[in-house]
Amino acid sequence: MKNNKCKNASIIIMKRELKSYFSSPIAYFVTGLFLLVAGLFFFTPFFLQNRAELRALFAYFPIFLGIFIPAVTMRNFAEERRIGSMETLMTLPVTEFQVTLGKYLASFISSLVMIVPTLLYLIPVEVFGSPDYGPIIGGYLGAIFLCACFSAIGLFSSSITKNQIIAYFVGGFICLALALVHIFFVFLPAPAIKFFTFISANAHFESISRGILDSRDFIYFISLAVLFFLMTVRHEENQKK
């Protein structure tokens, strides 16, 4: 019975967040800008290099999502805390875990909605190319795990401030640091490279996008998502004290 109440409260909050997000202009601005940038990286090699493939797009997915997902999540806690509705929400018979879960699910779903239209790129790939669907499925599977991980990071960033802009930059910094750490490999000694490869979101995403299903990659994304989710719950519990 208690689990059902937890699920129901979280689902209600999730629906509330989704309705609020998709009734605001920012949802369509963020999604439209994401699709514009993604389209440039798909159609540029398509027209200029005669390459009907998604490889170039997938190569930049960790960076794109690291930039745009914090824009999806930045208002979740920050805006409610700024206008004072967070205090009202916490007076209801809900726990910090339920509130965080509902907001996280809404952010994760919103992030997935943002990338779904890129599936339309499969049409010209199928018509003008010879697609290998293994890496394509792997690329989108990796993108789902990136969304799960970066949504949790963005949610945590939103919970620690009342300012949406600060929430965006904190979330973006953490996500992009994980997405771009691999570019410093050439400057690092060999023992350090192994550690930074382990914490690199790009390295784990690349592995999945090549169609390699290694449990270590999935554990990486799930662990980070759970870590930042629990950090958010803990922070909200401390705020209530």
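User: Is Gly 66 buried or exposed, and what is its relative accessible area?

Analyst: The model is predicted. Buried means under 20% relative accessible area. Gly 66 falls under that cut-off and is therefore buried, with a relative accessible area of 0%.

User: Which residues is Gly 66 in contact with, leaving aside its neighbours within four places in sequence?

Analyst: Contact means heavy atoms within 4.5 Å. With neighbours within four places in sequence left aside, the residues in contact with Gly 66 are Phe 150, Gly 172, Cys 175 and Leu 176.

User: How many residues apart in sequence are Gly 66 and Ala 177, and how many Å apart in space?

Analyst: In sequence, 111 residues separate Gly 66 from Ala 177. In space, C-alpha to C-alpha, the two are 8.8 Å apart.

User: Why is helix 3 described as largely enclosed by the rest of the structure?

Analyst: Gly 66 lies in helix 3, which runs over residues 55–73 and has 19 residues. Helix 3 is largely enclosed by the rest of the structure because the number of its 19 residues that are buried is 14.

User: Where in helix 3 does a kink lie?

Analyst: From its first C-alpha to its last, helix 3 reaches 27 Å, close to the 27 Å expected. It has a kink of about 50 degrees. The kink comes shortly before the proline Pro 62, at Phe 61.

User: How many helices and strands does the protein chain have, and what percentage of its residues count as buried?

Analyst: The protein chain has 12 helices and 0 strands. Of its 241 residues, the share that count as buried is 49%.

Methods:
Residues numbered from 1 in each chain as written. Predicted model: local features only at pLDDT ≥ 70, side-chain atom pairs only at ≥ 80, totals over all residues. Heavy atoms only, no water. Helix = DSSP H or I, 4+ residues; strand = E, 2+ residues; numbered from the N terminus. Expected span 1.5 Å × (residues − 1). Bend = angle between axes of the 7 residues up to and from the residue. Buried < 20%, exposed > 50% of the residue type's maximum accessible area, 1.4 Å probe, protein only.
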